[in-house]
Amino acid sequence: MRRVSGVVLGLALSGSALAGVDGNATLTSDYVWRGSSQTTEDPTVQAGVKLSSESGWYASVWGSGVSFEPDAGARSEFDIVAGWSGALAPDWALDVNLTHYRYPSTDVDLDWTELNSTLTWKERYWVSVGASDDALASGRTGTYAQLGARVPLGEQWRIEGALGQYWLDSAYADDYLHGQLSAIWKVHGPWELRLTAHDTDRAAKRLFGSNAGSRVEFAVQTTF
């Protein structure tokens with residue numbers, strides 16, 4: 001899969017003029033992914049970089065600290081992404097990408113790959129779908145869908161909310177629902193503070209134990 005990821009990254013940018021390089025960094029009190037803590041509720045640092053072409057193709061790498069239970073030796077996660085994004089109409093935009101989740105130095109194989117797409121309307125409302133034949137490195141299929149909205153409250157504040165459903169019946173004999181609501185304050189320049197409340201249904205708790213359920217996450221984030 002490492003060779004496949006490299007080939008995909010190369011194809012994504014080959015033959016296109018480089019339009020820009022963007023980066024991001026976050027210090028968060030808890031890395032929560034699709035409703036479940038990936039750090040057993042401990043803080044971590046996250047950072048990423050993205051290369052974009054003029055034709056809409058892009059490639060990115062994003063990393064975060066992780067800590068799973070039971071412990072499989074994973075201490076970091078790297079998301080290697082290649083895809084295309086662009087406008088479909090004045091108010092509509094589409095992003096389609098292939099994401100490879102990699103966990104170096106683990107005792108078991110936790111790496112897996114997912115095909116994702118996000119349709120956005122007026123940069124405020126979106127629907128995302130992700131599908132994999134190896135969901136969560138289970139060797140079985142899984143499909144994820146999310147509905148979200150972003151509401152500006154003046155120049156410095158905005159509210160973001162999302163509701164997601166993960167169909168994992170093939171992989172884990174259960175599906176689950178989660179939701180999140182964030183308040184984001186644009187402090188100065190590219191710096192933002194984010195407070196997010198997360199919650200899941202009982203199915204998520206059966207699957208992920210204490211890493212699922214209600215929790216609050218606080219983060220400092222920036223782009224560059």
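**Note on side-chain contacts**

1. Arg150, Arg158, Glu160 and Glu192 are joined by salt bridges into a network. Keep in mind that this is a predicted model. In total, 10 salt bridges are counted.

2. The side chains of arginine 150 and glutamate 160 form a salt bridge, at 3.0 Å from N to O. Arginine 150 belongs to strand 10 (residues 142-153) and glutamate 160 to strand 11 (residues 157-168), so the bridge ties together parts that lie 10 residues apart in sequence.

3. Are these two partners buried or exposed? Arginine 150 has a relative accessible area of 27%, so it counts as partly exposed. Glutamate 160 has a relative accessible area of 18%, so it is buried. The cut-off for buried is under 20%.

4. Next, look at arginine 215. Its side chain meets that of aspartate 30 in a salt bridge, with 3.7 Å from N to O. This pair links distant parts of the chain, 185 residues apart. Arginine 215 is in strand 14 (residues 215-223). Aspartate 30 is in the loop between strand 1 (18-28) and strand 2 (32-33). Both arginine 215 and aspartate 30 are buried.

5. A helix takes part too. Arginine 206 and aspartate 174 form a salt bridge through their side chains, at 3.1 Å from N to O. Arginine 206 sits in helix 3 (residues 202-208) and aspartate 174 in strand 12 (residues 174-188), so this bridge ties together parts 32 residues apart in sequence.

6. Why does arginine 206 count as exposed? Its relative accessibility is 58%, and exposed means over 50%. Aspartate 174 is buried, because its relative accessible area is 18%.

7. Now the rings. The structure has 12 aromatic pairs. One of them joins phenylalanine 68 and tyrosine 103. This pair is edge-to-face, with 5.7 Å centre to centre and 65° between the planes. Both residues are in loops, and the pair links distant parts of the chain, 35 residues apart. Phenylalanine 68 is in the loop between strand 5 (57-65) and strand 6 (76-89). Tyrosine 103 is in the loop between strand 7 (92-102) and strand 8 (112-121). Tyrosine 103 has 8% relative accessibility, so it counts as buried.

8. Which arrangement do tryptophan 157 and tryptophan 185 adopt? They form a stacked aromatic pair, with 5.7 Å centre to centre and 10° between the planes. Tryptophan 157 lies in strand 11 and tryptophan 185 in strand 12, so the pair ties together parts 28 residues apart in sequence. Tryptophan 157 is partly exposed, at a relative accessible area of 42%. Tryptophan 185 is also partly exposed, at 32%.

9. Rings also gather in a cluster. Ring pairs link Trp33, Tyr101, Trp112, Tyr144, Tyr166, Tyr176 and Phe208. One of its members, tyrosine 144, has a charge over its ring. The charged end of arginine 34 sits there, 4.1 Å from the ring centre.

10. Where does lysine 50 lie? Lysine 50 is over the face of tyrosine 58, at 4.4 Å from the ring centre.

Terms used. Residues are numbered from 1 along each chain as its sequence is written. This is a predicted model: local features need pLDDT of at least 70, side-chain atom pairs count only at pLDDT 80 or more; totals for chains, interfaces and linings use all residues. Side-chain values use heavy atoms; hydrogens and water are left out. A salt bridge is a side-chain nitrogen of Lys or Arg within 4 Å of a carboxyl oxygen of Asp or Glu. Helices (H or I, at least four residues) and strands (E, at least two) are DSSP runs, numbered from the N terminus. Buried means under 20% relative accessible area, exposed over 50%, partly exposed in between (1.4 Å probe, protein chains only). Rings of Phe, Tyr and Trp (its six-membered ring) pair if their centres lie within 6.5 Å; planes under 30 degrees apart count as stacked, over 60 as edge-to-face and the rest as tilted. A charge sits over a ring if NZ of Lys or CZ of Arg is within 6 Å of the ring centre and within 35 degrees of the ring normal.
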